[in-house]
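Me: I've got a model open and want a quick walk through it. Can you help me read it?

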Amino acid sequence: MPQGFSRKEGTIAAGWYRARNFVLLCVVAAGAVPAARGESLLERGEYLVAAAGCSNCHTDENGGFLAGGRALNTPYGTFYTPNITPHREYGIGAWTEAEFLRAMKAGLAPDGGNYYPAFPYVAYAGMRREDVLAVKAYLDSIPPVARPNRRHRLPWYLRFRPGLWLWKFLYLAPRGAGAAGDPDPERRRGAYLVNALAHCGECHTPRDWLGGLIESQRHGGTAHGPDGEAVPNITPDRQNGIGKWSDGDLSFYLETGLTPDGDAAGGAMAEVIDNVTSRLTKQDRQAMVRYVMSLPAIENALKTKRKKTRRDPDEY
Amino acid sequence: MIHNLKTSSLGICLLAVVALPATTMGAETEDIIKYRQGVMKSVGGHTAAAAQIVRGKVDYADDLVYHAESIARSMQTVESLFPKDTDFGETRALDAIWSQADKFKQVSEESRAATKAFVDAAKANDKAAFAAKFKAMVDSCKACHKDFREKKEQ
């Protein structure tokens, strides 16, 4: 049973929110944003929030749904995710659509400050505008949680946020759009899901010394993933990647977490499966598989890194 | 030079700290870990085989109950594979198994229940039911691996 996504909602203010949702639905009905295939804007937003993995980072075990506070331990310091419930003071309830779009696609706070790229706006920059707005509509509909944000714990030289302008100049380029020219619609959809929404590459790609993704090694795995864990190569390389898996194997893995050799996923990927990939439609999972299996096989990204840097702690 | 001295003396201290329990630990802990890994691999083997049947890839439906029962048999006593202080050495078992013993007990119970439900569905030979129960069982494996197993080093 999927964990970590449960909406620990109080019944307080539920009535008010139902009323608010109704108003939102009326806005949709009025044609502000056309809802595809009969699904409502809120349903689409909820689906996109799952696909984009928002709750993986923005929900802490000890806090409310999407109320933030989860510690992300990275080589650059510890980031505490913010509250993205519609609470007007502690969350993002007071944001306009323009502010939300700017945050998601340009990594800018309403006050103009830069967000650290622990927030994967480099990926979300590839999201379609109407999808970002559907996410906002859904986030506006969930129960607000009065939980103040916690300051990040970073070394002094990273506390200077304007320095991120340079970082963005180097690394912020929308990826989802990169697949726009793909003639295969399924692969195009898969690229959008993998790159713009689920942001698989944020963990599965090695980073350079400035923390930017090394594009030539995208999805090739890294020995220095979140929480210091190794993250596997997910390109179809037969030796070091998932080249021996069939499309069906990968699809089944994304649905259930079971690898072809009978191992059940653990760690961060278990959460991704619970909160993201198992919640997608079968077609979307298959689109992701089709795209991932079409990636260029990267040989050895993890191994070469390991040789230099890793020492087996058990060798005493 | 000084740096080298510092690191090497630090190394010696570390070695002393690490080697001491390693020698007094005896073979038993290592043997338990090896046994545990053998059991887990056999569970994985049966699960991999069952998955092929459940996914309709192969036609060995007669063997499904055998695989299911083998998994269930191992899960009956899964906690006994983790006696205290067996998180030392070549293992991915996390300290949380002992520091959050109640939670570990709970996920073990859930896994046992899910496995049993899969056995029942396999025996009833109800295709739709055993696929669902199989997924629920894998979910329970994942729930435990998520919090109590170190992520795989590749």
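Me: How much of chain A counts as buried?
Reply: This is a predicted model, where local features need pLDDT of at least 70, side-chain atom pairs count only at pLDDT 80 or more, and totals for chains, interfaces and linings use all residues. Residues are numbered from 1 along each chain as its sequence is written, and chains are lettered from A and ligands numbered from 1 in the order in which they are written. Of the 316 residues of chain A, 42% are buried (20 or more other C-beta atoms, placed from the backbone, within 10 Å of a residue's own; exposed is 12 or fewer, partly exposed in between).

Me: And what secondary structure does chain A have?
Reply: Chain A has 13 helices and two strands. These are DSSP runs numbered from the N terminus (helices H or I, at least four residues; strands E, at least two).

Me: Which domains does chain A get?
Reply: Domain 1 covers 14-69 + 81-171, and domain 2 covers 176-307. The bounds come from an automatic or database domain assignment.

Me: How many residues of domain 1 of chain A are in contact with domain 2?
Reply: 16 residues of domain 1 of chain A contact 19 residues of domain 2 (C-beta atoms, placed from the backbone, within 7 Å). On the domain 1 side, H2 (41-51), H3 (54-58), H5 (121-124) and H7 (164-171) of chain A each supply at least two residues. That side has twelve nonpolar, four polar and no charged residues (nonpolar: Ala, Val, Leu, Ile, Met, Phe, Trp, Tyr, Cys, Pro; charged: Asp, Glu, Lys, Arg; polar: the others, Gly among them).

Me: Where does Phe65(A) lie?
Reply: Phe65(A) is in the loop between H3 and strand E1 (71-74) of chain A. It has 20 other C-beta atoms within 10 Å, so it is buried. Its C-alpha is 7.2 Å from that of Ser55(A), ten residues away along the chain.

Me: Switching over. What is in chain B?
Reply: Six helices and zero strands. Buried residues make up 30% of its 154 residues.

Me: At what angle do H3(B) and H5(B) cross?
Reply: Roughly 160°, with the axes of H3 (residues 64-76) and H5 (residues 101-124) of chain B coming within 9 Å. Axes are lines fitted to C-alpha atoms, for helices over the stretch in contact, and angles run from 0 to 180 degrees between N-to-C directions. H3(B) and H5(B) are therefore roughly antiparallel (over 145 degrees; under 35 is roughly parallel, 65 to 115 roughly perpendicular, the rest oblique).

Me: What residue classes make up that contact?
Reply: The contact of H3(B) with H5(B) has nine nonpolar, three polar and four charged residues.

How values were computed: Two residues are in contact if their C-beta atoms, placed from the backbone, lie within 7 Å.
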